[in-house]
Amino acid sequence: MDTTDGRKERPEELLITHRDVILYNLSVGASVSEPDLVYENTDGFSAVPTLAVIPAQRIIMTPESLMSHPRLHDVELTRVLHGEHYVELFRPFPTSGRLTSKSRVAEVLDKKSGALALFDVDTFDEDGNKVCFNQFGVFIVGAGGFGGPRTCSDHKPLGSTPKRAPDAVLREQTRGDQAALFRLNGDWNPLHIDPEFAQLAGFPKPILHGMCSYGFATRHIMKTFVDNRAERIKCVKARFTKPILPGETIETRMWLDGSRVHFECSAIESGNVIISNAYADVLNPRLTLNAKL
């Protein structure tokens, strides 16, 4: 459905099988030490909740979608960065079945140094039940200064990092081929695999997907606060601040505040904060002091 300002509803179907679930879980660091994430015949077989991003990402991260609003025409892909993300689960993400997603451009915000395009995606199961909602905050470098709004009510707010020591910290080293594995979920952006493209975008070598780090952090929260029960993660919001290279180590610092877990991630080797202003809302959180990876 087209609207007068260029927003579009774009439906797309995706068939999910246990293979997709296992591939995603492995690509965000799961291992055989977490059997419910890697073996389809366990009683608790489940997806890391951020798998909910994948059906939405397949409909959004195309040139046609990125240019579907008048403000986004003629965007150069080397200037496009995934700046923020929000995902909300309305039911456990299915381990099999056909999903239908619909997207629209909610708004394009003028951030002066660039434009922040907000893409909203609703995903439904075969019975028409709403499974999840995603909001992509896509930053287009150099596209600001057009006099548009700086904020809007549709924008899912960022969190704030508590000014105290974290309640829990987990570290996990990524694989040297982590980006090559994660891209098999359907994110074919050459920034994460092609050295020449990465250099054109201003990076010395291909970088890890921000959504891969997002999945690692969500696994860390599952392990630390909800006994690895994926259905107790209700939403996750994050800002992607700096890149991390495949093979580097992710440190996730977590603060429990009621039913909300604030978190921040860094790359140990560079010292860069890679995810900030982040939080996950969870059901019945309980700090597991012996959580380790």
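**Figure 1. Salt bridge between Arg 232 and Asp 227.** In this pair, the closest N and O atoms are 3.7 Å apart; a salt bridge here is a side-chain nitrogen of Lys or Arg within 4 Å of a carboxyl oxygen of Asp or Glu. The model is predicted: local features need pLDDT of at least 70, side-chain atom pairs count only at pLDDT 80 or more, and totals for chains, interfaces and linings use all residues. Residues are numbered from 1 along each chain as its sequence is written, and side-chain values use heavy atoms, with hydrogens and water left out. Arg 232 is buried, with a relative accessible area of 14%, whereas Asp 227 is partly exposed at 35%. Buried means under 20% relative accessible area, exposed over 50%, and partly exposed in between (1.4 Å probe, protein chains only). Asp 227 follows α7 and has a positive phi, near 55°.

**Figure 2. Helix α7.** Helices (H or I, at least four residues) and strands (E, at least two) are DSSP runs, numbered from the N terminus. Of the 16 residues of α7, 15 are buried, so the helix is mostly covered.

**Figure 3. The largest nonpolar core.** A nonpolar core is a set of buried Ala, Val, Leu, Ile, Met, Phe, Trp, Tyr and Cys residues joined through side-chain atoms within 4.5 Å. The largest one has 66 residues, and those with the most contacts inside it include Phe 93, Tyr 214, Ile 221 and Phe 263. Helix α7 gives the most to this core, with eight residues. Leaving aside residues up to four places away in sequence, Ile 221 touches Val 226, Ile 233, Met 254, Val 261, Phe 263, Ala 280 and Val 282. A contact means heavy atoms within 4.5 Å.

**Figure 4. The second core and Ala 201.** A separate core of five residues includes Phe 197, Ala 198, Phe 203 and Ile 207. Ala 201 sits in the loop between α6 (195–200) and α7 (210–225) and is partly exposed, at 22% relative accessibility. The C-alpha atoms of Ala 201 and Arg 79 are separated by 7.0 Å, although the two residues are 122 apart along the chain.

**Figure 5. Salt bridge between Arg 171 and Glu 251.** The side chains meet at 2.7 Å, N to O. Arg 171 lies in strand β6 and Glu 251 in strand β8 (residues 249–257), so the pair ties together parts that are 80 residues apart in sequence. Arg 171 is exposed, with a relative accessible area of 52%, while Glu 251 is buried, at 11%. Both belong to a network of salt bridges that also links Arg 253 and Glu 264.

**Figure 6. Salt bridge between Arg 104 and Asp 154.** The closest N and O atoms are 3.7 Å apart. Arg 104 lies in strand β3 (residues 97–110) and Asp 154 in the loop between β5 (130–141) and β6 (168–173), so this pair ties together parts that are 50 residues apart in sequence. Arg 104 is partly exposed, with a relative accessible area of 25%, and Asp 154 is also partly exposed, at 32%.
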